[in-house]
Amino acid sequence: MTGLEERSPPELGDEILRLDNVNVHFPVKMPFVQRLLQREEVVVHAVDGVSFSVRAGEILGLVGESGCGKTTVGRASVRLVNPTSGRIFFAGQDISKLGGRNLRVLRRKMQIIFQDPHASLNPAMTIGRAIGHPLWIHGAAFGLQNRGSEAFGKWVQQRVLSTMREVGLTPEGQLFDKFPGDLSGGQKQRAVIARALILGPSLLVVDEGVSMLDMSIRAKVLELMIDLKRHHGLTYLFITHDLAAAKFVCDRIAIMYLGRIVEIGPARDIYSDPKHPYTKALLQVIPIPDPDKRKEKVLPRGEVPDAVHPPSGCRFHPRCPAVLAACGWEGRDFVDFLDDHLSDPKQAGDESILGPIEGWRADGLVAMMKAEPENVEKAVERVKAILVGAPTAMTQAIASVSAQNRTVMLRFNPPNELRQTQVQDRVVECLLYQ
Amino acid sequence: MEPLLQVQDLSVHYKTRRGFVRALEEFKLDALQGETLGVVGETGCGKSTLGKAILGILPAGTQVEGKVLFRGRDLTHLGNQMYRRLRGEEIALIFQDPMTRLNPLMTIMDHFVEEIQDHESVSSAEARSRAREALVSMGIHESRIKNYPHEFSGGMRQRIMIALAIVLKPSLLIADEPTTSLDVIVESQILGILQDLKRAYHMSVLLITHNLGIVAEVCDRVAVLYAGKLVELGPVRNVFHKPLHPYTQGLLASIIHLETRELHSIEGSPPDLIAPPSGCRFHPRCPYAQSICVEKVPPLVEFEPGHFAACHFGDKFL
Amino acid sequence: MGTDDLGRDLFSRMLYGARTSLEIMAIGVFLALIIGFPVGLVSGYLGGTLDRVLVLVMDSIYAFPGLLLAAMVALFLGKGVFNVGIAITVIYVPTYFRVTRNQTLSVREEPYVDAARSLGAGNWAVIWSYIAYNVLISIPVVFSLSAADAILTAAGLSFLGLGLERPTPDWGLDLSDAQKFLTSGVWWSSFFPGVMIIILTVGLSFLGEGLNDIVNPLLRKERA
């Protein structure tokens with residue numbers, strides 16, 4: 001059993017991984033003609049300006065919900081996906097544009113463990129062969145010239161067997177010839193770990209390493225990872241949506257939301273005193289396995305918006321319980337508010353003049369609707385009336401509501417610039433602290 | 001008060017190439033009207049089988065023994081026609097993946113109208129208005145009623161599936177891993193909805209999950225399954241604070257939560273259900289196993305009022 | 001069974017005809033597999049321009065009416081069992097290409113392929129060790145179905161008088177020759193060749209399905 005007890009801060013070495021304003025944008029699949037009609041490039045902003053560094057020997061957690069970009073950051077770090085812009089440094093070397101052979105050499109030093117142990121192993125390869133395959137691929141690097149020789153084959157086998165022992169895949173002699181289909185979930189994950197370790201990497205990116213395992217065996221695999229780290233002096237980038245596991249395992253933690261890091265700092269401190277409203281929300285909703293500790297939760301409204309058109313300013317602003325006027329209100333937000341209002345039978349009064357909702361268009365800071373000349377003034381009045389019931393922060397952000405020609409126009413003030421701010425021992429990206 | 005649902009000595013054996021998989025063995029359970037009962041277990045414990053057995057949607061060729069009584073009626077011998085009426089009107093099921101229930105070619109409105117008109121003879125107008133009501137109560141905008149399933153996010157689809165399940169106001173809702181694929185915040189929202197439903201309609205909910213955290217949050221009682229057998233049953237507080245079965249103890253100890261100081265796990269892995277261990281199925285992994293555990297199947301004993309466990313040494317943990 | 005117009009024993013012609021058919025099928029379908037499978041793998045995995053060009057070529061061949069194409073090839077190459085085999089190959093390469101390519105496209109997205117790349121495996125290593133086998137398991141069914149179809153095409157060719165020379169024992173050929181005698185009431189010389197074609201075709205189809213049921217779980221190395 002691994003204890004937290006006196007977990008002294010790890011002996012940290014130099015910076016081993018650094019991401020510098022990395023963007024990863026994926027093109028959205030659309031018909032050719034439609035693409036021509038777009039004014040700007042339509043991409044999925046999976047990772048939008050992420051910077052952080054990891055020092056040798058530490059475990060940095062990348063935490064967030066699905067769609068926040070954490071998996072993409074992990075994959076970009078090992079160059080399984082190419083950054084659209086920005087730079088990635090490994091042990092001081094710029095690897096952002098590395099290709100071909102140089103990239104292959106890099107692979108020995110950094111490895112990634114994927115989320116689903118059941119799908120990460122080739123069903124057509126025996127465990128022994130799968131774990132040893134990296135050695136075959138990089139054979140020459142180990143100084144053994146002749147990959148076809150018997151000596152090499154034996155050497156590979158020895159290495160595989162000893163690695164299997166190390167990760168607890170025993171009896172290794174028997175399991176060597178089995179296929180993934182014959183193994184349990186926990187065993188498969190151990191095999192995946194063995195395969196990642198056999199080359200002796202210094203950085204391991206773990207993408208949801210235990211999320212798909214049963215709870216009663218998660219602990220064992222986590223323990224294994226922690227032991228291996230100590231033994232081999234590894235550094236981990238631990239990607240997960242499981243905040244509780246991250247708290248236990250990680251030294252530092254970065255909370256991600258919709259492609260950006262909103263808070264990053266020492267794990268213990270962030271958990272005991274979260275600063276960013278999103279971090280607070282996340283921590284609040286973690287179910288506690290104690291029926292006596294049920295509590296009322298204040299949940300952020302709605303769901304994570306799509307990453308193709310992220311909200312402007314602070315991306316969390318449409319859902320944030322502590323939102324301010326300067327956080328990034330835009331036309332879209334008003335249209336959403338109006339939609340809510342029109343759909344609620346209790347609130348809607350004589351709103352027919354403002355409907356249907358499809359008549360409204362949002363363009364940046366402006367929301368507008370075309371109306372008949374005789375209705376325009378009345379519509380403006382209605383809008384102002386409705387706004388009384390809107391969130392204060394939103395109404396404070398409105399610059400003007402006016403009638404222009406035959407259009408009702410609502411314009412917001414531009415948001416304040418969002419900056420990463422140092423708050424105590426961590427960095428937060430939130431206007432509350434600027 | 002008569003329980004709404006009574007499962008008596010239910011055994012389900014699946015037919016496979018290698019032999020019969022004894023997915024559920026002599027399973028007993030009662031669910032009362034208005035309560036939320038959690039059914040908890042890990043991979044291969046049989047919890048999904050339970051849900052399917054109650055709804056009569058087990059694959060053909062499956063051996064079923066024992067009884068499932070709903071309001072006193074035995075479901076195991078119900079004809080197809082009767083079962084179809086039951087499903088939806090009285091018992092509803094929601095799954096982990098809403099897309100298995102939603103037809104990508106039908107709008108949300110169509111789904112509702114079909115569901116309502118399948119069970120009740122009402123006009124389309126009436127059906128549509130009820131649909132609108134159900135959807136709005138789930139927090140879905142009226143403007144989106146004509147949209148197709150793929151135009152909604154995962155959390156929304158889950159809500160739609162719940163709305164679809166309750167539109168006919170069933171007395172029992174079986175939720176099989178309803179939030180497993182959702183993020184924590186959306187999961188909380190969905191759980192909130194389930195609790196509101198319970199309060200508003202006095203609905204019984206059978207919550208099947210491997211997540212003990214949500215069981216602690218929303219359930220009144222909990223049943224723990226291991227390798228096809230019921231090993232513990234009782235009020236959540238009792239089971240969580242004083243687990244009587246070593247498997248429950250191990251399971252609770254292995255949960256990683258914010259206050260976890262040490263990692264715990266259970267040795268070994270779940271048994272092969274084609275040839276499960278003799279006596280108590282948990283004995284190969286149990287730290288307290290004795291010879292009696294290998295020889296005799298432990299009976300389900302009420303060690304304290306309402307709190308049952310199937311362990312020869314349950315009283316030692318009281 | 002009687003004899004045909006030249007007095008040759010029908011029964012032995014049926015038997016030898018089987019051999020001819022199987023020979024044609026063997027050459028035709030195997031060659032198609034040997035060409036179509038690797039090309040489909042590479043095209044599916046690498047994608048890009050190469051893939052687009054190959055798909056265009058293959059689809060064009062595929063779109064061509066099979067028998068017509070075979071007839072053209074047979075005319076060009078001349079008669080003989082081997083040449084008919086080649087004609088069959090040409091028709092079926094697109095089928096194998098397609099099936100392989102489609103499977104490759106889906107296998108390519110599997111996490112274990114990603115894992116292989118993250119280990120540093122080069123394209124050829126990935127295709128050979130990770131993709132090829134997993135794609136192969138979908139081939140057996142297609143194999144026997146196209147084999148059955150090949151028999152029909154070959155018979156059709158011979159029936160048209162292309163491909164095989166008399167006196168090669170071949171059912172299609174015999175069928176063709178026997179046509180003119182139908183009106184005089186000589187039914188057996190056309191009946192038996194016809195029936196044999198049907199039996200072999202249907203039999204191969206069943207074989208394919210049965211093969212799939214047995215081989216697939218084995219190849220997938222499933223537990224149950």
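1. Of the 224 residues in chain C, 45% count as buried. A residue is called buried if 20 or more other C-beta atoms lie within 10 Å of its own, exposed if 12 or fewer do, and partly exposed in between, with C-beta atoms placed from the backbone. This is a predicted model, in which local features need pLDDT of at least 70 and side-chain atom pairs count only at pLDDT 80 or more, while totals for chains, interfaces and linings use all residues. Residues are numbered from 1 along each chain as its sequence is written, and chains are lettered from A and ligands numbered from 1 in the order in which they are written.

2. Chain C has 9 helices and 0 strands. Helices (H or I, at least four residues) and strands (E, at least two) are DSSP runs, numbered from the N terminus. Read from the N terminus, the order of elements in chain C is α-α-α-α-α-α-α-α-α. The C-alpha trace of chain C spans about 75 × 45 × 20 Å along its principal axes. Among the contacts in chain C with a separation of 6 or more, 73% join residues 24 or more positions apart. Two residues are in contact if their C-beta atoms, placed from the backbone, lie within 7 Å.

3. Chain C touches chain A through 19 residues of chain C and 23 residues of chain A. On the side of chain C, helix H5 (111-118) and helix H6 (123-136) each supply at least two residues. H5(C) gives the largest share of that side, 6 residues. By class, the side of chain C that touches chain A has 8 nonpolar, 4 polar and 7 charged residues. Here Ala, Val, Leu, Ile, Met, Phe, Trp, Tyr, Cys and Pro count as nonpolar, Asp, Glu, Lys and Arg as charged, and the others, Gly among them, as polar.

4. Chain A is assigned domain 1 (15-279) and domain 2 (329-412). Domain bounds come from an automatic or database domain assignment. The C-alpha centres of domain 1 of chain A and domain 2 of chain A are 47 Å apart.

5. Helix H6 of chain A covers residues 150-166, 17 residues in total, and reaches 24 Å from its first C-alpha to its last. That is close to the expected 24 Å, the expected span being 1.5 Å times one less than the number of residues. Its buried residues are A:Val156, A:Val160, A:Thr163, A:Met164 and A:Glu166. Seen down the axis of H6(A), these fall within an arc of 155°, so they line one face of the helix; the arc is that of the directions from the helix axis to the C-beta atoms. An α-helix has 3.6 residues a turn, so residues three or four places apart point the same way.

6. What do the buried residues of H6(A) pack against? They pack against helix H5 (127-137), helix H7 (172-175) and helix H8 (185-197) of chain A. The face of H6(A) turned away from the buried side carries the exposed residues A:Glu150, A:Ala151, A:Lys154, A:Gln158 and A:Ser162.

7. After H6(A) comes A:Gly168, with a positive phi near 85°. In the loop between H6 and H7 of chain A lies A:Pro171. The peptide bond from A:Thr170 to A:Pro171 is cis, with omega near -5°.

8. The largest nonpolar core has 275 residues, and A:Leu237 and A:Phe238 touch the most other members. A nonpolar core is a set of buried Ala, Val, Leu, Ile, Met, Phe, Trp, Tyr and Cys residues joined through C-beta atoms within 7 Å. Leaving aside neighbours within four places in sequence, the contacts of A:Leu237 include A:Leu17, A:Val54, A:Leu203 and A:Val206.

9. Chain B is divided into domain 1 (28-59 + 177-317) and domain 2 (91-169). Their centres, taken over C-alpha atoms, are separated by 31 Å. The contact takes 14 residues from domain 1 of chain B and 13 residues from domain 2 of chain B. On the domain 1 side, helix H1 (47-55) and helix H6 (184-201) of chain B give two or more residues. The largest share, 6 residues, comes from H6(B). That side of domain 1 has 9 nonpolar, 4 polar and 1 charged residues.

10. B:Glu26, in strand E2 (residues 19-31) of chain B, has a positive phi of about 45° although it is not a glycine. B:Glu26 is partly exposed, with 17 other C-beta atoms within 10 Å. B:Glu177 is not a glycine either, and has a positive phi of about 50°. B:Glu177 lies in the loop between strand E7 (172-176) and H6 of chain B, and is partly exposed, with 18 C-beta neighbours inside 10 Å.
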